[in-house]
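Let's walk through this model together, starting with its strands and ending with a few individual residues. Keep the sequence at hand as you read.

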Amino acid sequence: MVDVMATVTSMPSYFMGTHTHAEHEEFSAQTASGPIEVIDNIDLAPRVPVRPGDRIEVCGEEVTDPGKSTPHDPAHHHPDGFIRFRGQVYA
């Protein structure tokens, strides 16, 4: 699990997950340690209305496979993650 502050660097794009068959949003962000891709299952949590330049907090499982999202795990294999934006938690 990671918990980082980041600056959004791209507009969100949307796609259907190949494993979950759920809608996801994806956007790029820059942390102090380098760039990350944020992938969020929006069938489980609402869309995050971010734009480039917005500051966010991202807490979730870090994975190297960009085809996986990890903010919320209905099977509870790991703690639920979230995205915090403008004081609102998207989980």
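Strands here are DSSP runs of E with at least two residues, numbered from the N terminus, and two strands pair if DSSP finds at least two bridges between them. This is a predicted model, in which local features need pLDDT of at least 70, side-chain atom pairs count only at pLDDT 80 or more, and totals for chains, interfaces and linings use all residues. Residues are numbered from 1 along each chain as its sequence is written, and side-chain values use heavy atoms, with hydrogens and water left out.

E1 runs antiparallel to strand E5 (residues 55-60), and 6 bridges join the two. Within this pairing, Val2 has Gly60 of E5 as its bridge partner. E1 also pairs with strand E3 (residues 23-31), again in the antiparallel sense, over 2 bridges. Here Thr7 is found opposite Gln30 of E3.

Now for the loops. Most residues other than glycine have a negative phi. His21, in the loop between strand E2 (13-16) and E3, has a positive phi near 55 degrees. Arg86 is not a glycine either, yet its phi is positive at about 50 degrees; Arg86 lies in the loop between strand E6 (82-85) and strand E7 (88-90). His21 counts as exposed because its relative accessibility is 59%, and Arg86 counts as exposed because its value is 68%. Exposed means over 50% relative accessible area, buried under 20%, and partly exposed in between, with a 1.4 Å probe and protein chains only.

Finally, look at Tyr14: Arg47 lies over the face of its ring, at 3.9 Å from the ring centre. A charge sits over a ring if NZ of Lys or CZ of Arg is within 6 Å of the ring centre and within 35 degrees of the ring normal.

Technical notes. Helix = DSSP H or I, 4+ residues; strand = E, 2+ residues; numbered from the N terminus.
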